[in-house]
Amino acid sequence: MNSMKLACVLVCLTVCVFGASAQLYDRLFRTLMKGYTRDVMPRTSVNSTISVKFNLQLIQVHELSVSFQLLKTEVWLTLSWQDPRLRWDPAEFNNVQKMAVPAGKVWIPDIMLYNGASGIRAATVQALVYSDGSVFLIRPATIRSRCPVLPGSDPTTCTLKFGSWVHNGNELDLDFQGEHKADLTDYVPNYDFDIVNNTAVRNVILYDCCPEQYIDLSYKLTFRPAALRRRRRR
């Protein structure tokens, strides 16, 4: 009987704790979203600049097509930035330091693949929001990019060029998060070809039409047919 009573008490305590926790995060979420507009950049003044850090993690290469001059890859796109409208005092929310929210509820930098053969197919995910207003987002995506694929045994270099679709460098300052190259930590090697070179560069461009700078991050991946690797092993 005592065991039954103890079990009931533990169940009640668990339900109460989880219920209180859910109410806490619900209150925090409602507080953050009150008056929030995801369609407006979180600029603190007319002349302020939003700093966005970007990382490209290559997971797998699905296709390198000579016929379609196309590179199809599976990637993780990581972005981080500051949104002052999403700050809170942890002391007012039981010392909660971060919270996961649907990415569609907050402003997200309009970073696009300039040389895409089609739109980026990204998974629906949540963003991590921290009490100081930092936002961290990782989006698994499948992207198709145009690439001058060479036939035969010649190495092929493909460029993946990312940048803001509408904002200039005075409004959105895009830069690398970490090393100036694609992250290959979790890369699944392809049987048909090897990556023999992996670099990236941050371009700041002035066009004749406009006084503002425009920024892009260009990743260059050089592929070599794996047949050459297998032939050398013999």
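Trainee: Let's start with Asn115: is this residue buried or exposed?

Mentor: This is a predicted model, so what we read from it is computed. Burial is judged from relative accessible area, and buried means under 20%. Asn115 has 14% relative accessibility, so it counts as buried.

Trainee: Where does Asn115 lie, and which residues does it touch?

Mentor: Look in the loop between strand 4 and strand 5 (121-122). Leaving aside residues up to four places away in sequence, Asn115 touches Ser145, Arg146, Thr159, Leu160 and Lys161.

Trainee: Nice. Now for the whole chain: how many helices and strands are there in the protein?

Mentor: The protein has two helices and 11 strands. Read from the N terminus, the elements run α-β-β-β-β-β-β-β-β-β-β-β-α.

Trainee: How do I read strand pairing? In which sense do strand 1 and strand 2 pair?

Mentor: Strands count as a pair if at least two bridges are found between them. Strand 1 (residues 50-65) and strand 2 (residues 70-82) pair in the antiparallel sense, over 11 bridges.

Trainee: Which strand pairs with strand 2 over 13 bridges?

Mentor: That is strand 7, and the sense is antiparallel. Here Leu77 stands opposite Arg139 in strand 7.

Trainee: What is a disulfide, and how many does the structure hold?

Mentor: A disulfide is a covalent bond between the sulfur atoms of two cysteines. This structure holds two disulfides. One is formed by Cys147 and Cys158, with their sulfur atoms 2.0 Å apart. The pair links distant parts of the chain, 11 residues apart: Cys147 is in the loop between strand 7 (134-146) and strand 8, while Cys158 is in strand 8. Both Cys147 and Cys158 are buried.

Trainee: Why is the disulfide of Cys147 and Cys158 called left-handed?

Mentor: Look at the torsion about the S-S bond: it is about -80 degrees, so the disulfide of Cys147 and Cys158 is left-handed.

Trainee: Which cysteines form a disulfide with sulfur atoms 2.5 Å apart?

Mentor: Those are Cys209 and Cys210. Their link is left-handed, with -85 degrees about the S-S bond. Cys209 has 62% relative accessibility and therefore counts as exposed. Cys210 is partly exposed, with a relative accessible area of 21%. With bonded cysteines counted along the chain, the disulfides follow the pattern 1-2, 3-4.

Trainee: How is a pair of aromatic rings described?

Mentor: By the distance of the centres and the angle of the planes. To be counted as a pair, rings need their centres within 6.5 Å. By this rule the count comes to eight aromatic pairs. In one of them, the rings of Phe193 and Phe223 have their centres 5.3 Å apart and their planes at 80 degrees, so the pair is edge-to-face. Phe193 lies in strand 10 and Phe223 in strand 11, so this pair ties together parts that are 30 residues apart in sequence.

Trainee: Are Phe193 and Phe223 buried or exposed?

Mentor: Phe193, at 10% relative accessibility, counts as buried. Phe223 counts as buried too, at 2%. For another place to look, ring pairs link Phe54, Phe162, Phe176 and Tyr219 into a cluster.

Trainee: Where is Tyr191, and is it buried or exposed?

Mentor: Tyr191 sits in the loop between strand 9 (172-176) and strand 10 (193-206). At 60% relative accessibility, Tyr191 counts as exposed.

Conventions: Residues numbered from 1 in each chain as written. Predicted model: local features only at pLDDT ≥ 70, side-chain atom pairs only at ≥ 80, totals over all residues. Heavy atoms only, no water. Helix = DSSP H or I, 4+ residues; strand = E, 2+ residues; numbered from the N terminus. Buried < 20%, exposed > 50% of the residue type's maximum accessible area, 1.4 Å probe, protein only. Disulfide = S-S within 2.5 Å. Phe/Tyr/Trp six-rings, centres within 6.5 Å; stacked < 30°, edge-to-face > 60°. Contact = heavy atoms within 4.5 Å.
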